[in-house]
Amino acid sequence: MRIATILSVAIVGQVLFAAVAVPQSQPLVPRPVLKLIVEHPALAPYLHPEAASRVPLIVSDHQLEPGVTPSRFGQPLRIVRDRDIGTQPHLRILSFEVDGSRAKAVVEYRVEGVAAVFNLRRDSKGWWTVADAKVTEHQSDSAFAAVQSRGETVMGVDQYTSTHVFEDLPDGGRIILDRDPHADTGGVARIRQHMRDIAAAFEAGDFTKPFRVHAEAVPGTSVMAARRSAIRYLEVDRPRGAEVRIRTTDPAAVAAVHEFLAFQRGAHHAAGHEGKER
């Protein structure tokens, strides 16, 4: 009896540990919900189909479930990988939370400086409808300027004369920071030291620097810290700066790294790989 009790406790302990250790992936937005969002009157004043660059409407694949692509303004939406979207005017899903028959989707249309919150309900047949929607105009330029200012303090170089790239890779990704060709050469040494510091800190599960730059907890970092033993960070010097290469074979860690890089691309208005404009 005592042996059986011990085994039962051990099994329960393993189940509890698994529940804590394995992060739950966020739900993705179904394509029918995307259709409701892009067709909703609350967003209509900001889409400006009369502008050549706005049709077809571009949507990032971030947080988006695969499926049939809806249309807007008589053309199918153009779904673009988040890493490749660059500075094109695009709609981006920031979050999607589901609680039983209710859900909340938060989307951003940065080119217009607006974010929208959609509260949705699902009926007994599984069909979603929009219960209400609210669009908020925000000062994205001032928020970006604040990130640039804090970034200069943390990294030691002017962010406006430096170029960031945050690239997703199948086994992780990489962070690139280069000085512009006509910028000071002293900044190159500061970038290299900063990236060495970043690699060492991240390896230890310390994400204080990204927090200082963004003044908020950065998505993905909690899982990256928890799984730090499965992730490797290598600083590599470049002619005009440096990069940190991130490698892991842990699927949960890869997903967290990609979440981290996606947030950085958005906050820094950065490219997803070299050769793309910011």
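I began with the hairpin that joins β11 to β12 through two residues. The model is predicted, and I read every value below as computed from it. Strand β11 covers residues 231-238 and strand β12 covers residues 241-248; they run antiparallel, with eight bridges between them. I looked up Y233 and found its bridge partner in β12 to be I246.

I then listed what Y233 touches, leaving aside its neighbours within four places in sequence. The contacts are A199, F202, E203, F207, M224, V244, R245 and I246.

Next I turned to the nonpolar cores. The largest has 32 residues, and I175, F202, M224 and Y233 touch the most other members. I noted the elements that give two or more residues to this core: α4, β10 (172-179), α5, α7 (221-226), β11, β12 and α8. Helix α8 gives the most, with seven residues. Another core lies apart from this one; it has 24 residues, including L43, L47, A103 and F118.

I picked out I191, which is found in helix α5. Is I191 buried or exposed? I191 is buried, because its relative accessible area is 0% and the cut-off for buried is under 20%.

The largest cavity holds about 160 Å³ of space. Its lining has 16 residues, and M155, H164, H194, I198 and Q264 lie nearest the centre. I noted that α4 (140-155), β9 (162-169), α5 (186-203), α6 (208-214) and α8 (251-268) each give two or more residues to this lining. By class, the lining residues of the largest cavity are 10 nonpolar, five polar and one charged.

I moved on to the other hairpin, that of β5 and β6. Strand β5 (residues 91-99) and strand β6 (residues 102-109) run antiparallel and are joined by eight bridges. R92 has E108 as its bridge partner in β6. Two residues lie between the strands, and G100 takes a positive phi near 65 degrees in this hairpin.

Most residues other than glycine have a negative phi, and most peptide bonds are trans. The peptide bond from V55 to P56 is cis, with omega near 0 degrees. P56 is found in the loop between α3 (44-47) and β1 (58-60).

I recorded F73 for its positive phi, near 60 degrees, in a residue other than glycine. F73 is placed in the loop between β2 (71-72) and β3 (75-76). I class F73 as partly exposed because its relative accessible area is 30%, and the class runs between the cut-offs of 20% and 50%.

A215 also went on the list: it is not a glycine, yet has a positive phi of about 55 degrees. The loop between α6 and α7 holds A215.

Note on methods
Residues numbered from 1 in each chain as written. Predicted model: local features only at pLDDT ≥ 70, side-chain atom pairs only at ≥ 80, totals over all residues. Heavy atoms only, no water. 1 Å grid on protein atoms, 1.4 Å probe; cavity = no way out; pocket = protein on both sides within 12 Å on 5 of 7 lines; lining within 4 Å. Points joined across faces, edges and corners; volume = space filled by probe spheres on them. Helix = DSSP H or I, 4+ residues; strand = E, 2+ residues; numbered from the N terminus. Nonpolar A, V, L, I, M, F, W, Y, C, P; charged D, E, K, R; others polar. Pairing = 2+ DSSP bridges. Core = buried A, V, L, I, M, F, W, Y, C linked by side-chain atoms within 4.5 Å. Buried < 20%, exposed > 50% of the residue type's maximum accessible area, 1.4 Å probe, protein only. Contact = heavy atoms within 4.5 Å.
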